Structures are given as structure tokens and as C-alpha cells.
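The exercises below are to be worked with the sequence and the coordinates at hand. Each task is followed by a solution in steps.

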Amino acid sequence: MNKVGSFIGRYQLSHFIILALLIFVVMPLALDSFRLNMVGKYLTYAFVALGLVLCWGYGGILSLGQGVFFGIGGYCMAMFLKLEASSPENTAIQSTPGIPDFMDWNQLTELPWFWVPFQSFTFTIFAILILPAAFAFIIAVAMFKRRVGGVYFAIITQAIAAILTILIIGQQGYTGGVNGITDLRTLHGWDIRTDEAKTILYFVNGLLLFGCLFVARYIIKSKLGRLLVAMREREDRVRFSGYDVSAFKIFIFCAAATISAIGGAMFTLQVGFMSPTFVGTGPSIEMVIFCALGGRLAILGAVYGALVVNWAKTSFSESFPELWLFAMGALFIGVVMAFPNGLAGLYQTYIAPWLQKYVPEKFHWIITNRNPEESGAEIAVAGETASEDEKKSKAGELSHAGN
Amino acid sequence: MFADYSMAELTSIFAMQGFAGLILFSVFVLMALGLAIIFGQMGVINMAHGEFMILGAYVTYLTSNVFSAYLPESIYGSYFFIAMILAFFITGALGALVEWSIIRHLYKRPLDTLLATWGLSLIMQQIYRSVFGAREVGVTLPDWLMGSYAITDMIEVPINGIFVMVLTIVITIAVALMMQRSRLGKQTRAVVQNRPMAAAVGINTEKVDRLTFALGCGIAGIAGSAFTMIGSTGPTAGQLYIVDTFLVVVFGGASSLIGTVASAFTISQAQSTMEFFLSGSMAKVLTLLTVVIILMLRPEGLFSLKMRR
Amino acid sequence: MHSGTRPKTGNLRRRSLLKNLLAIPAALALAHAPSTLADAANTTGLAVTADTVKVGILHSVTGTMAISETGSVQAEKLAIEQINAMGGVLGRKIEFIQEDGASDWPTFAEKSKKLLVNDKVAAVFGCWTSASRKAALPVFEQYNGMLYYPTFYEGLEQSPNVIYTGQEATQQILEGLDWADKTKGAKKYFLLGSDYIWPRTSNKIARKHIENVLGDKVVGEEYYPLGHTQFNSVINKIKLKKPDVVFISVVGGSNVAFYKQLKAAGIDMSKEKPLFLTISVTEDEILGIGGENIEGIYASMKYFQSLPNDNNKAFVEAFKKKWGKDIVIGDVTQAAYLGPWLWKAAVEKAGSFDIDKVREASPGIELTTAPEGYVKVHPNHHLWSKTRIGQAQKDGQYKVVYESKELIEPNPFPEGYQ
């Protein structure tokens, strides 16, 4: 096996290639630029779902506030773009030219201090990567050092999402309020609204997504990944073996935050604005379903989950707007009750064995990972065995939380 | 901050704000009580709690329509009590159905109950929208519930506020007695503390689960019914309550009813005091933030059940 | 639920994925097709055939905003139906494509783009909240579409691609405050709103007007988060500060909570001590609040269902005939109804569906058949309109107690109010 192959694993490699073909070849060829841009938008949610696979699927930490990090990334990018769009020439009719229009409407006469550094693109990139991680770090240290577990963590992160939304809406002079930051035009003079720009951004987005997928894959394959799984299953045993459990949790939560923020930044670039609706509690929970549908243990599943749910949402809401919520609700319930391992589990349990019957044996490594080289340590956890494990681990969660 | 007001005015401010805080407290307790049972006792994260409350509100709306259409005017004033009883049983029955069809398969996966009940809440919202329309419905209140009682020139006490408070006290006492004294309450606590052992001594755990869940939902229904007096009744109104409700329960220490009451009291008084001196939005942010920070420092909440597991 | 052209277009769109996969070569071949169909009335390839023209309706029918936007959808459909019954626009029947904004701002942008780029509609009637308009606006400007926006809003905007059929803030607010000052002798004002841009901007304008023009005093200004349901604290503040007028721009479900709690707190709104003046509660909202809970407050708007003129009587009758006898019509619903009519007038004046020509023809368009009486399009794309003060009655209707003498000029960037 070559180097990449041994890093990803042969089975995984084939699946990575299929996804890459889908994103970089099939979609751009099959879709007009309008639909392609929409797929680009869906793929930005895949970043969040990927983050959730890491911290929820592997770390056992369910965050209902991933929208917060998506939002921070998106707002950082939006602030930079807005400042570029608010050049003194463009805003000459304002009473204070050179500041964003919504500040002018709110009688601000100079740029607030925390906006100033966002005139620099380097700083913006830096902020998108560091700020969410730092914020996640503060939350995580406070919570995990005190061994706050699953359910509590979920509820507190949800409250944080609620707080941030109210804050952003309330401070409209500084944030653009409920309207968000709109009318973003250029990135370093490059018009991001044209069809060509959107196509280029789609590919950039796809590349970044693959970058994140590789990182996630690396984390999972590393010793850290195995420790995370061990922790999720039996936290005390890992602790008694001498590991600092909270440090791993903090790390994985911060990593998930950064990945989400990259998605947020790409969202702003492709959609052309950012608003507090993405920070709220509703979208944050919806993002969890992308991950759950894809399979909470499957990093590639996260991408498919985000694509399928959003595609369904768009086509449903175009054709039967009234039925959309029924379908979405049924999806939540169905995934949890019937397919706890999502599409990935479905594939492993039903489709792969079926395929195996019809495909010559030497190509089996493409279909399934059940081959001698890849023991069932990682993605393999599908089907019955996994749901058994799952039950045990989740049963443990509440008791961790309480005491 | 206080300089603008005279001494007499300040006294009135504190009296009135204290009372506003008490109403808010009652609202919080009513919201949280059902959830304290479902989440605190059973460990089920019921994200559809708000929608169960709204079901209670819609039941009240329908009852009021039936009363005004078919029954003599003289007994219209009493419809509210009938509505609350109906709300309790209808939401309770739906709760039992939900427990039977969804929740009972998920007891070992609390985080998954969160997702499933969120899905349920979406479906319930859409049902309300299809049946009652997207607009809010106006629930007509009996006359005796409107108006206020003037204590002094400055201090006036809304009658429906008193009604909510009395209702809260009655329900809280009833729930507390039930959990402590009744057979179901004892069985519930036994099941919560040690399910296999409870089953071993002959408790029908499935039945206990179903009744407990139904009870929690039923109380949500009563709360929703009472909230038609002070809030709006629309398909998405339930969403407004969910974050607050969970915070109250968690802040109180999930498995303790006293904790829920104490936490509702603390949060409501803090919020209503801050609302008076700050703008409404900032008061809300500060209250939530304080609660979250305290929870980070003291994750077990105000009161926690001390026991070995 | 949707009648009209929906099933057909819906069906088309459901197959779009398949179509897209199969149709790439076909699309290339057809790329030049529109130009061969073009005639003098349509030189830019809009979805106009010899006997039909496509327009878009873009409102939320799901999500939190569905409550408010339903009325606008109904009004726009009624107007389109009536126009078609009269023979359509330039001899073409209007077909509408309805999209759901789902109360989600990016969805509005996305659907706008779909309507403009894929469906090539000649006009879009839609958006409700400022946020949805702000999200969709860049799309309309980029692809040169025309949006008819019905809601009263905060002003500070004037796009060549939008016709604002509702009132901008100064039209709605100043007349109301003048009225309170002159006829009711108000001196002290308390400003209360939901926490977002429209109430904040409205109150900013109100404050400047109260302090600088009327020479009166603002004794309090408060904002609560959208969806807030506990107003006892602010009611206490109102009691304590004893303003003459409480000027309210609370929106959505919060309204219900606010007025119910106000009444419960022993404040009789019809005693006018203080006087309650709202710019946000239309007949639509009263339905949810309950007439008995809001009886006696005043609203400052351009339209009430009870307006006694003949245009309005015909409009109300047609509306009830189509959508049910219990339905109520608020300010925004009426403004939404104006959209298709204004567009029709502009198209006929221009003799063309081309967006640029419609834009050029729009200023000066008059509508003598408007339910609110008479409106005229200003060069800044807003409408000249009268402002009325209505007092809420127990049956959920407003009784008009005052009407501005002249049409009020729209002024989205008011000097001295910023």
C-alpha cells in the first residue's frame, strides 16, 4: 500500500475517492451555478456535522451550541467583508462615511475597537481559527474539569446559544442586529457575487472540507481517537488508568469548534451575508441531525447527512412547504429509533453485504472494511454490536452527569 | 439610579417588582414542574415540553369556544376550570402515547430522547398550524379573571397573577405529596434510583414510567392552559419557553423538586429586579449568563440528591 | 393548500435534479431560445409568452413569521386573480410561482435567486421582515429583479429594485405623534419596542420628533427580546413614570402577552391615562390578542379594514369572498394587495415587462382604486399615502378617528432624524 493509502486505510480511501468524485466532478457537471451554490451552502453545514462526529460520536459530548461557533466564524468573515464593502466612496451618503451602514443608522460615529483589527485579512483568518477555539476552550475547561457530563453539557451549550443570539440582536449598532451583516460584495477587490466566483468558492469550500476530513480522520486514527472511544464507553476506567480525561475532551471540543467556524466563514463567503439566525438554538439542533443522519461515528457520513437533509429540505419546501416539518420531525424520530448509526450504519448492515454477493472477492475492500487489515476498531462499529455498546455508554452518561 | 424617585415611590417599586417577580416565579414553576418530573426524575430530555404546554392552551381555547357556543352564558365563567382539567387529561394521554411509542425505547439513551422529542416538537407544531392556522388564536378569558385589585394608589395586583400563584402552590403541593406519599410516587422514586432492583421487588416499571411521563405532560398541559391568561397561543409559542424551562430545572439540580422551586424563585427575582433597572434585553442576557456561569462553577445545581449509584 | 398554478410548477421542480442531470446538452442547445421568442414587450428573456407572464410570490408559510405573512400571500393572490379576470397585463394572464421563505433569511435570498435566475419572473411580491428584505435585496440588485415589498418599515433604504408599498417610518410615526400632542395634549412619552431594527429606528425618529419638534419629553425607552412574554416589570415602570402616551412597537407573540398583562394590571386602555399609541398592531394581531384585551388603544397606520370608502368596501367584500367571512385585513395585507396593481399599472405605462422600463415608468404611477383611497409612487420608490389614527374596538376592528389632510411624502432618509 502506498503512503496515503496506509494513512487513510484502503477501505476508507475508496470512500474518500467516491465522495471527492461526487463533490468535485459530478455535482459541478450536473448542476447549474444556482444549484451548485446551494450545494456549496449545504457543504458548509457538513463542517459542523463533522465537528459533531468528533465531539459527539467519538467524544460522547453532545453540544447543542455548535451554531455559536459556526456563527463566530461566519461573523468574523462577514466583518472583514463588510469593512471592505464600506469604503468611504461606497458609503459617501452616510453621515459618517467609511463605517458599515448599520452603524451609521445607529448613530455610531467611529468604528468600534473590536471591529478595527478585522480590516486585516490575515487577522480575520487568524480570528476564524483561534476565536472559536478559545471560546470553546473557556466553556470546556469550566465544564469538563468539573466533570459535567452529557445532558447537562447539552443544555448549557443550548443556553449559551440563546444568550449569544439575544446579545447579537440587542447590540445592533455593533453587530447589525437581527438583520445580520448583509450586502457583502468583494474579497480583496474580487467580486464574490458573480457565478464564476461562486463556482471557485465552491471548490475552495470542497477542498477545505476535505482538509478537515483528513484532520478528523487523523485524530480518530491516532491514539487520541482510541482514547476518546474508551472514554465514551467507560470514563472512569480511563481516568483510573492515569489519563487526564478532561484534557482530551477539551481538545476535541475545541477542534470541533474550529472546524465549525471554518464552515461558518465559508458560508458567509458563499451566501453573502451572516445573521444571528444561525447562532440560535433551532439551527444548532438541526445541525445535530445532519450528523445523526449521516451516522454519528462516520466522518464521511456527516457530509452525506448534511447534503441529504438540506437537499430534502429544499425540494420539499419548494413542492410541499406544509409537509416539510412533518418530514423533518419524522426524520429525527426515525433516525434515533430505527437507525441509530445513520446512513453509515444502514450501508454497513444492509447495502455492503448485498453488494458483496455480486462483486468479485478481490474488490471487497472497496465495499466494506471487514477485511483482515482493518480490524473493527473504528468506523466498523455499525449494526448490532454498536447499538449494544451505545446503550451501555449512554446509560452511563446520566450518572456521570448527576454526581 | 434611585435618585429620581421619592421614598414612597421606591417602596412601591419594590413592592410591585417583588410581586411581578412572584408572578414570574409562578410561571417558571408551572413551566418547570412537569419537566422536573420528566427530566429530573426519568432522565428524559423532553424538547417537546413547550408543545405539550401549547396543547393545553389549545384545549383551553376549544373549551372556551364550546362553552360560548353551546352552553348558557351564566356558566361561562367556570369554563376555565373545566379547561384545565381537560388539558391535564388530554396532554397526559398524549404523553402516555408518546412514551409508549417513542420514549420507552430510548431510556438508555438520554441524548437520543433529546433528538426524538425535538422531532416530535416539529411535528406537533405543524399539526397545530394545519389544524388551527398559522395565526395566533385569541382565548377569551372569563370576566372574573380580568382586572386587578388595588392595594394602594400605586400598588395594584392583577387577579390573574394571584390565580396563577394559587394554582402554582396547589399543584406544587399536590406533586410533592404525590411523589413523597403516594404509591406511584414511591414507585417512581424507586425506579429512578435503581431500576433492576425496583423491578425485582415487583414494581411494574413500564407502567410506572408511562404514568410518570403522562403526569409530567399533564402538568405541562395545565401550565399551558394557565398561560393563555398571560401569553400568546400559536403554533410556535412553545419554543419560547424551552430554554428557560430547562435552565430552571438544571439550575435547581435536576432530581430535586425543592431545587426546581428554589431555582425558579432565584431566577425570577433576579430577572425581574434587573428588568427594572436595565433594559429588558440586557436583563435577560445577564440573567441567563449568571445562571450559566453558576452552573459552570457548580454543575450539580442548587440542590442535588446525595446518594450512591 | 395552494391552488392556482402550483401543482404544475411544483411537479416541474420536483423533477429538477433528474432534469438537470439529463438536460445539460439540451440546455446548451436551447440557450438561445428565449431571444427568438422575445417581442417588444420582453427584450430581456423574462418568462413571458404570448398569453402568460410569470411572477413570484415569496413569503414565509412556515416558521414563526407565517403568522404575519399569511395575509400578504392571500392579498397578492386575490389581486392577481382580479387582474386576470380583467384580462391580465398587456393581454397576458399572470401565473404565479409561490416560494416559501420559511422564516429563514438566507432562504429568502436563495428563493429570490431561484425566482429570478431559474424562473425568470417578471416581478416578485414578497418579503415581510426587514431582515428578509435585507437578505434578498443584494440578489434583486445583482440580477436586476423587481420586488414589491408590503410591510411598513424603518426606512433608510431606497433601492432601484424595490417598490415599497408600505409606509416608511416617518410617514407612520410623525403624524401619530403630532396628533397625540395637538389633540390629546400629550407632554410625556414612553417608548416601548421589541428589540430589533424597526422598533429601534422608529423610536429614534419618535424621540427626535418629540424632543426637537414638539418640545415634549421622553420619560422612558425600553426594548424586550423578540418573543418575550413577561411584561410586568415594564408595566410597573409605566405606572411609575406616568407618561401621557405610551408609544408601542412590540411585534409578534409578545403583543398578546403585553396587552393581556396590561389589562390584568388594572390599566383601562380606553381611559387614555396613559394613552396607548401603537404602530405595530393591525387587525391581524388583534385576532390573537383578543379585542376585549386591547379595546381603547390607538394605532397610527395608513389603512384600517373599517375605512368607509367604496374602494375599500369592494376590496373587503372580495377578500372575504375568497378567503372566508371571518378573515380580517390589516395594514400590511392591504399594502401587499397594492403590489400587483402597481406593477400592472407600471407595465402598461411602459408597454413592456422589461425591468428597466418598469422601473422608469414607476414614479408617478397613481392608483385611484386602492382600498386605502389613493396612492402615488414617489421617485424614491415609496408611496405617497395618508396616515390615519384608529381606535381599537371590542370587535377587533379599528374606528378611524383622524385622517391626515394631505398625502404624506415618503422620506426614507429624513434629515434631522438620524
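**Exercise 1. The contact of chain B with chain C**

How many residues does the contact take from chain B, and how many from chain C?

Solution. The model is a predicted one. Step 1: count the residues on each side. Chain B contributes 39 residues and chain C contributes 34 residues.
Step 1: assign the chain B side to its elements. At least two residues each come from α1 (7-41), β1 (148-150), β2 (156-158), α5 (159-181), α10 (257-277) and α11 (280-297) of chain B. The most is given by α1(B), with seven residues.
Step 2: sort by class. On the side of chain B that touches chain C there are 17 nonpolar, 15 polar and seven charged residues.

**Exercise 2. The contact of chain A with chain B**

Which helix of chain A gives the most to the side that touches chain B?

Solution. Step 1: take the totals. The contact draws 45 residues from chain A and 37 residues from chain B.
Step 1: list the elements of chain A that supply at least two residues each. They are α6 (121-144), α7 (150-170), α13 (281-294), α15 (324-337) and α18 (383-402).
Step 2: pick out the leading one. With 14 residues, α7(A) gives the most to this side of chain A.
Step 3: sort by class. The side of chain A that touches chain B has 31 nonpolar, eight polar and six charged residues.

**Exercise 3. A helix of chain A**

Examine the span and burial of helix α4 of chain A.

Solution. Step 1: compare its span with expectation. Helix α4 (residues 66-85) of chain A has 20 residues and reaches 28 Å between its first and last C-alpha, close to the 28 Å expected at 1.5 Å a residue.
Step 1: check burial. Of the 20 residues of α4(A), 18 are buried, so this helix is largely enclosed by the rest of the structure.

**Exercise 4. The overall form of chain C**

How many helices and how many strands does chain C have?

Solution. Step 1: count the elements. Chain C has 16 helices and 15 strands.
Step 1: apply the globule rule. The radius of gyration of chain C is 22 Å, close to the 22 Å that the rule gives for 418 residues, so chain C is as compact as a globular protein of that length.
Step 2: take the extents. The C-alpha trace of chain C spans about 75 × 40 × 40 Å along its principal axes.
Step 3: turn to burial and contacts. In chain C, 61% of the 418 residues count as buried. Among its contacts with a separation of 6 or more, 71% join residues 24 or more positions apart.

**Exercise 5. The domains of chain C**

Solution. Step 1: read the assignment. Domain 1 of chain C covers 32-166 + 308-384, and domain 2 covers 169-301 + 386-403. Their C-alpha centres lie 30 Å apart.
Step 1: count the contacting residues. In chain C, 15 residues of domain 1 are in contact with 14 residues of domain 2.
Step 2: find the elements on the domain 1 side. Both α5 (66-85) and α15 (331-350) of chain C supply at least two residues each, and α15(C) gives the most, with three residues.
Step 3: sort by class. This side of domain 1 of chain C has six nonpolar, seven polar and two charged residues.

**Exercise 6. Local backbone features of chain C**

Solution. Step 1: examine the strands. Strands β14 (residues 388-392) and β15 (residues 398-403) of chain C pair in the antiparallel sense over five bridges. I389(C) has Y402(C) in β15(C) as its bridge partner. The two strands β14(C) and β15(C) form a hairpin with five residues between them, and G396(C) in the turn has a positive phi of about 90°.
Step 1: find the cis bond. The peptide bond from K273(C) to P274(C) is cis, with omega near -5°. P274(C) sits in the loop between α11 (253-264) and β9 (275-278) of chain C.
Step 2: inspect phi. L90(C) is not a glycine, yet has a positive phi of about 50°; L90(C) lies in the loop between α5 and β2 (93-100) of chain C. N144(C), also not a glycine, has a positive phi of about 50° and is found in the loop between α7 (130-142) and β4 (147-149) of chain C.
Step 3: N144(C), with 14 other C-beta atoms within 10 Å, is partly exposed.

How values were computed: Residues numbered from 1 in each chain as written. Chains lettered and ligands numbered in written order. Predicted model: local features only at pLDDT ≥ 70, side-chain atom pairs only at ≥ 80, totals over all residues. Domains from an automatic or database assignment. Contact = placed C-beta atoms within 7 Å. Helix = DSSP H or I, 4+ residues; strand = E, 2+ residues; numbered from the N terminus. Nonpolar A, V, L, I, M, F, W, Y, C, P; charged D, E, K, R; others polar. Rg over C-alpha atoms; globule rule 2.2 N^0.38 Å. Buried ≥ 20, exposed ≤ 12 C-beta atoms within 10 Å, placed from the backbone. Expected span 1.5 Å × (residues − 1). Pairing = 2+ DSSP bridges.
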